[in-house]
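Trainee: Hey, could you walk me through this one? I've never looked at it before.
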Amino acid sequence: MSSISIIGSGNMAGAIGTLAIKGGNTVEVIGRDAAKSAALARTLGGGATAGTFGAAPAGDIVILAVLFDSAVPAVREFGDALAGKIIVDITNPFDATGTGLAVPHDTSIAQRVAEAAPASAQVVKAFNTLFRHVLAKGDPADVFMAGDDAQAKASVSAFVESLGLRPRDVGDLSMAHWVEGAGVLTMGLARTGVGNFDFSLGIDNLG
C-alpha cells in the first residue's frame, strides 16, 4: 500500500482520506489550520496523523487538495520539502461562471504546479473529474491521470486501485489541460445533459 500526505482538510481531503484508510494506506493530513487538520485525522481514524504545514510531508505521494488558486502558492511555501515527492494535483481551475478554465489554453494548473515544485518532484493530475460525494461512495469509477513520469504514474495508479477506482492514463502532463477541461465538461453535464451531480465520467470499453 501507499504512504499518503494530503495537503488540505476540506471535503475532497476527507473523501480521499477515508477511501485511502479503507484501502490500507498510511495517511497524513496537513493544513494551515492545525486544529482542523487534527480533527480530520481523528475522524479518518486508522492511524491517520496530522502534519505541519510547510514541513516535509511523511507520505511518498502528496495529494494537493486545495482550491486551485492556492495550489501554486502552497507548493512554493513547501519548497524543497517536496523534493522527491509525487504531487497529485486534484484541483479544478474553473472560471467565475464554471463554464471555462481560468488558465490559458497552452498550460494547466498541474503544469504550473510542476514549474513551482522542486525539480526532483513529479506531478500527476488526477481526481478532478469526480464530484466529492460520488467519490465518497466508494463505488468503482474512472480516474483520469496525466503526468510525465511513468514510475510516478504507476505509483499513483496503484494508489487509485487501492481505493477501488480505475486509473486511466491519458498521457503526459501537457494533457492535464484537457483533463481540467473535462472537469468543466462534467459541470456542464451536471447542469444540463444529466441534470444532477450523481454521476462520473468514465470509459465504456466496447472492444
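Mentor: Glu28 touches Ile4, Ser5, Ile6, Thr49, Ala50, Gly51, Pro57, Ala58 and Gly59, leaving out residues up to four places away in sequence. Contact here means heavy atoms within 4.5 Å. One caution: this is a predicted model, where local features need pLDDT of at least 70, side-chain atom pairs count only at pLDDT 80 or more, and totals for chains, interfaces and linings use all residues. Residues are numbered from 1 along each chain as its sequence is written, and side-chain values use heavy atoms, with hydrogens and water left out.

Trainee: Okay, and where is the place of Glu28?
Mentor: Glu28 sits in strand β2. Helices (H or I, at least four residues) and strands (E, at least two) are DSSP runs, numbered from the N terminus.

Trainee: What is the nearest side chain of opposite charge to Glu28, and how far away is it?
Mentor: That's Lys85, 7.3 Å away. Glu28 is buried yet has no salt bridge. Buried means under 20% relative accessible area, exposed over 50%, and partly exposed in between (1.4 Å probe, protein chains only). A salt bridge is a side-chain nitrogen of Lys or Arg within 4 Å of a carboxyl oxygen of Asp or Glu. For charge, Lys and Arg count as positive and Asp and Glu as negative, while His and the chain ends are not counted.

Trainee: Then which side chain does the side chain of Glu28 make a polar contact with?
Mentor: The side chain of Ser5, at 2.5 Å. A polar contact is a pair of N or O atoms within 3.5 Å; within protein, one must be able to donate a hydrogen and the other to accept it, and residues adjacent in sequence count only if both atoms are side-chain atoms.

Trainee: Tell me about Ser5. Is it buried or exposed?
Mentor: Buried, because its relative accessible area is 0%. Ser5 lies in strand β1, residues 3-7. A polar atom of its side chain is 2.8 Å from the backbone nitrogen of Gly59. Beyond neighbours within four places in sequence, the contacts of Ser5 include Ile30, Ile61, Val62 and Ile63.

Trainee: Let's zoom out. In what order do the strands of the sheet come?
Mentor: Eight strands form an open sheet, β3-β2-β1-β4-β5-β6-β7-β8, with mixed pairing. Two strands pair if DSSP finds at least two bridges between them. At the edges stand β3 (49-50) and β8 (166-171), each with a single partner strand, so one side of each has no neighbour in the sheet. Helix α2 (residues 34-44) packs on the sheet and touches β2 (26-30) and β3, its direction making about 155° with that of β2. Axes are lines fitted to C-alpha atoms, for helices over the stretch in contact, and angles run from 0 to 180 degrees between N-to-C directions.

Trainee: How many bridges join β6 to β7?
Mentor: Two, and those strands (residues 122-125 and 142-147) run antiparallel. Lys125 has Ala146 as its bridge partner in β7.

Trainee: Back to charges. How many salt bridges does the count come to?
Mentor: Six. In one of them, the side chains of Glu77 and Arg32 meet at 2.3 Å, N to O. That pair links distant parts of the chain, since Glu77 is in helix α3 and Arg32 in the loop between β2 and α2, 45 residues apart. Glu77 counts as partly exposed at 45% relative accessibility, whereas Arg32 counts as exposed at 56%.

Trainee: And which residue does Arg168 form a salt bridge with?
Mentor: Asp142, with the closest N and O atoms 3.1 Å apart. Arg168 lies in strand β8 and Asp142 in strand β7, so the pair ties together parts 26 residues apart in sequence. Arg168 is partly exposed at 28%, while Asp142 is buried at 1%.

Trainee: What about Lys153?
Mentor: Lys153 forms a salt bridge with Asp169, the closest N and O atoms being 3.0 Å apart. Lys153 is in helix α6 (residues 150-162) and Asp169 in strand β8, 16 residues apart. There's also a network of salt bridges linking Asp89, Lys125 and Glu180.

Trainee: Last one: what is the phi of Phe127?
Mentor: Positive, about 75°, although Phe127 is not a glycine. Phe127 lies in the loop between β6 and α5 (132-137), and Phe127 counts as buried because its relative accessible area is 1%.
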